[in-house]
Amino acid sequence: MKRESRTVLLSCLVMAMVFSAAQAHESPVERVGRMLRIWTDGSRLWLRYEAEYSERSVLLELHAMDANGDGAIQNEEQTAFLTTKANALAEHFRVRIGDASLTPTHAGPVVLKRDWRQICDFSVPITDVPAGTNDLRLTIQGMHVQPGEFQWTIGRGEKEDGPIPSEGKASLSARKAQPAAHSANRKQDCIELDFTLITAPIASIR
Amino acid sequence: MAAPESALAWLTAQSKGKPTNPELLLDILEAWGTTIGIGRERQYIPQLRALAAQLVANEDIRTDDTLLPGVLRFARPLSGSEAVESLASLAAHPADNIRIAAVAALGLVGDESALRALLAWVESERTPSVQAKIAEALGRWPDHPEAGAACLKLFERATESTVRRSVLYAAASSKWPQRNGLIHQALKMKDSMLLGAALAAEPVPDIEQELMRLLGTWDGKTPEPALIDALAASRVQAAVPVLVEALDRESNIAIRLKLIFALEKIKGTTAEQALLETLEETDDELEAEHLVSVIGRLKLSAAIPHLGRLARNEAVPMNVRVMAIWGLGCMPDESASAEIERIDAAFAELFAVTEADRADWDKAFHLSVAKPHLLLARYRMGSAAAGEEINSMFANDGPVVQSVLLLGILEQKADHPIIEKGLKSNEFFVLCAALAAARESNPGKYRPRIRELAASPFIQAAASVRGETWNLHKLLESP
């Protein structure tokens, strides 16, 4: 598993030192970890974004979800909130295969886990990708401003998430990773991951 | 707790007579009690409170040495008025640990009936460890002189330091009329354990002479930390030369920082001159960072050229450079404004990010908050453009930078548009910082939004999560 992880827990200490009004030992890091899984099923490239939340951040999100302010969450409120959130999240991902730039779209409902993880899938078709070996770059924008851990791995994840689709007709391997996060130069700040995507001839896919 | 309804029904049945399965009862109480203790039980608190009262009142349980401690552990965080009578009657229980647990539970009840029960208990209790617990519990009634009177009685009757120490800690933050007398009495006792407890208190009138007498007993050595704190709390000007001397010879960084903060609190020309000289001389990163913040808070404009040099010097640790920018922003002085403008003009060059910086996450973090600090400094100096840039940075950045910006606005007591945005944040720290800033800057304007937040059961639940030090409940009170 590749791992690009750092925390900015020290940020709370710095702020507590700088501002007397700040409360010491309180960490602003509420989203403690994020995991990105990337895989292909032969016809699409899939991204699975998993974010761990704290109890407090889930409660604050429930407050935001409660659009009519009745103190309860209706299904429509939850769906609307999570769909908007997933669509906004999709904006962070860009895939470049060879010269083609592709934008993954949100696929399927956001899954809420009992341990406060939220899981969201995105995908983009790769059927037009020329057969053979292709350079694939995944660019993740905006994530660098989030505190907490970021990890990524190739593969779909745990068995509990259902059967893993066939990967026989395309394969993905990491080439190099260029970690970037938490620095001041915003124009260059993003997470860029490079892979090799090997696709079989179209005929064999069909 | 899985199947809470049936578990509750079973527990209630057990509470009404002789428990049929004591082991299972204890197991369930321990498991559920843990959930309650960490603040995760939200649905069944009223029912569990009634159950706890019933369990404590159950005669079969009260006479069972195995069951009673477990029941008291479970009942402690749930105790309400209905349990007071049962808890108070445990004053006659022969086991010290049971009486300690009952006293702790009474302290947590916190109402008038619990106070009466503890005041009565003081009269009969003779065991020091329980007396100490009673004093600690009485500290929960800081506005009740009768609690202070009971503590004074415990102090005078005490045969062990532990009791007196508990009394002093309880008295420290109280408004008891007996408080100052207690502290003066403690200072006269030659007991170092007591000294620390007594000196942890807020300033005490007419204590200067007593503190200077104590300071004299250290004769050329660095005084103990509690005494340094007390001298600072009571702003004892006469102690400054001794503290400056101690700073000159002390090498322990923790003690040095204590001395620096004491000089900051006491203030005065001698103290301030010593702080400026120490900043010029120090080569310790942590000390430099704290000194810069102290000098900024004291607005010592004599430090402006040095702060400018620190901020611009790429060889200086990044945290000290960022703090120097903040310090310059504190100075209400033309030359500080000019220095800030010079740093701003050359910011990209002075704070350029290299690949090596990206790999050094500590440095990268401080680099990421350098710009917000510079904007805040310019904003404090009246730059409208900086105000706009703060707005844009808040919209495009993450919770860490958003928090830095809001805390800076809070510190300046300014009513900036990012407060409105922060009040809509899903990030706990950002929301709390925005609430604090709203209350400081323009409470009337933000009152409707604060009330709206306070009415949300989700926000109230977030405020109840254990371990938060912002005191969100307090921030949500109508301003």
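Which helices of chain B do the buried residues of α20(B) pack against? Before getting there, a word on what you're looking at. This is a predicted model, where local features need pLDDT of at least 70, side-chain atom pairs count only at pLDDT 80 or more, and totals for chains, interfaces and linings use all residues. Residues are numbered from 1 along each chain as its sequence is written, while chains are lettered from A and ligands numbered from 1 in the order in which they are written.

Back to the helix. The buried residues of α20(B) pack against α19 (285–298), α21 (318–330) and α22 (334–345) of chain B. Helices here are DSSP runs of H or I with at least four residues, strands are runs of E with at least two, and both are numbered from the N terminus. A residue is called buried if 20 or more other C-beta atoms lie within 10 Å of its own, exposed if 12 or fewer, and partly exposed in between, with C-beta atoms placed from the backbone. In α20(B), which covers residues 304–312, the buried ones are B:Ile304, B:Leu307, B:Gly308, B:Leu310 and B:Ala311. They sit on the same side of α20(B), because they cover an arc of only 165 degrees around the axis; the arc is that of the directions from the helix axis to the C-beta atoms. An α-helix has 3.6 residues a turn, so residues three or four places apart point the same way. Turn to the face away from the buried side and you find the exposed B:Pro305 and B:Arg309.

Zoom out to the whole of chain B and you'll count 32 helices and zero strands. Its C-alpha atoms fill a box of roughly 80 × 60 × 45 Å along the principal axes, and buried residues make up 45% of its 479 residues. Two residues are in contact if their C-beta atoms, placed from the backbone, lie within 7 Å. Among chain B contacts between residues at least 6 apart in sequence, 65% join residues at least 24 apart. An automatic or database assignment gives chain B domain 1 (203–281) and domain 2 (405–479), with C-alpha centres 37 Å apart.

B:Ala438 counts as buried because it has 25 C-beta neighbours inside 10 Å. Leaving out residues up to four places away in sequence, B:Ala438 touches B:Ile419, B:Leu423, B:Pro443, B:Tyr446 and B:Ile450.

Chain A does have strands. Strand β2 (residues 33–40) of chain A pairs with β3 (residues 44–52) in the antiparallel sense over eight bridges; pairing requires at least two bridges found by DSSP. Here A:Leu36 stands opposite A:Tyr49 in β3(A). Three residues lie between the strands of this hairpin, where A:Gly42 takes a positive phi near 105 degrees. β3(A) also pairs with β7 (residues 117–125) of chain A, antiparallel over nine bridges, and A:Arg44 has A:Pro125 as its bridge partner in β7(A).

How far to trust all this? pLDDT is the predictor's confidence in each residue, from 0 to 100. Chain B averages 90, with 95% of the residues scoring at least 70. Within chain B, confidence is lowest in helix α24 (residues 355–359), at a mean of 66, and highest in α28 (residues 417–422), at 97. Chain A has a mean of 72, and 63% of its residues reach 70 or more. Residues 160–168 of chain A stay under 50. The model scores ipTM 0.72 and pTM 0.75.
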